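Subject: Structure handover: cores and aromatic contacts

Hello,

Here is the structure for your files. My notes on the packing and the aromatic contacts follow below.

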Amino acid sequence: MENGISHLAITDHDFITWENTDPQQAQNLKLIPGVEISCDWSGRELHVVGLFIAPDDQPLQSLLSDQREARRKRMVAMSEKLEKAGITGLLEFLKSQPCQAWTRSHVAQFLVDNGHCKNWEKAFSRFLSRKGKIYVPTHWCSLEQAIQTIKNAGGIAVLAHPSRYGLTKTRLNLLLEDFVACGGEAMEGSYGNIDSPTRKYLCELAASHQLLVSTGSDFHDASRHWTDIGKFPALDSQAQKNAIWNHPRWHF
């Protein structure tokens with residue numbers, strides 16, 4: 001397959017697209033049902049990927065529905081802040097998008113498309129980061145709830161892009177200890193735009209915490225040239241031994 005992809009999991013934020021996937025279009029791909037759940041750990045937003053989930057699991061679907069409602073409320077609050085700054089049309093823009101779970105990335109796109117920001121980076125730093133003009137905190141489910149819901153739906157819980165949370169080495173180790181204690185089984189060791197020293201460090205961390213190593217492109221948009229489906233640095237030979245594709249669930 002193009003980009004060397006043999007297995008593909010579409011892990012949208014707080015929404016499962018499995019039922020909308022056409023097997024005929026997948027050709028020779030092995031499709032893995034998945035999702036990416038936003039959650040809270042010590043007041044910080046984290047993302048946990050669920051792989052091999054049962055898409056129609058009702059407790060999982062209920063949690064995701066609650067998460068999407070929290071997202072909707074956040075967008076309304078952000079829209080109100082934008083309107084006070086003289087910027088209108090966010091909600092109309094969001095409703096026009098083919099998306100079920102609205103994210104800050106959608107707001108960034110709105111700001112760029114309407115000439116309020118030069119690019120996504122400016123949109124986040126000026127408007128959407130914790131210190132941004134329209135930042136609105138959201139109350140996500142807990143880390144434990146996200147992991148247990150994934151596991152109860154038959155899935156494997158994977159900590160997504162652990163280097164992107166701005167944690168010190170001490171805090172990251174504490175997170176991984178809690179992640180394992182809650183039932184987490186894997187963490188991403190390679191993903192789009194990661195550098196070699198960080199990749200090596202994360203793979204070593206995974207081994208020290210007895211976690212499998214997962215990979216992902218973190219693909220969001222075809223216009224973002226630095227990322228593509230299946231585009232991420234390869235794991236080294238040692239990390240390959242600890243890769244998630246050695247898990248029994250992978251062989252289906």
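A nonpolar core is taken here as a set of buried Ala, Val, Leu, Ile, Met, Phe, Trp, Tyr and Cys residues joined through side-chain atoms within 4.5 Å. Please keep in mind that this is a predicted model.

By that definition, the largest nonpolar core holds 49 residues. The members that touch the most others are Ile37, Val48, Leu143, Leu175, Phe179 and Ile244. Strand S2 (residues 30–41) supplies the largest share of this core, with five residues. A second core of 19 residues is separate, and includes Leu94, Ala108, Cys117 and Ile134.

Phe93 belongs to helix H2 (residues 90–95) and Phe110 to helix H3 (residues 104–113), so the pair ties together parts 17 residues apart in sequence. Both Phe93 and Phe110 are buried. Elsewhere, ring pairs join Phe52, Trp245 and Trp250 into a cluster.

Two lysines also sit over rings. Lys169 has its charged end over the ring of Tyr201, 5.0 Å from the centre. Lys133 lies over the face of Phe127, at 6.0 Å from the ring centre.

Regards

Terms used. Residues numbered from 1 in each chain as written. Predicted model: local features only at pLDDT ≥ 70, side-chain atom pairs only at ≥ 80, totals over all residues. Heavy atoms only, no water. Buried < 20%, exposed > 50% of the residue type's maximum accessible area, 1.4 Å probe, protein only. Helix = DSSP H or I, 4+ residues; strand = E, 2+ residues; numbered from the N terminus. Phe/Tyr/Trp six-rings, centres within 6.5 Å; stacked < 30°, edge-to-face > 60°. Lys NZ or Arg CZ within 6 Å of the ring centre and 35° of its normal.
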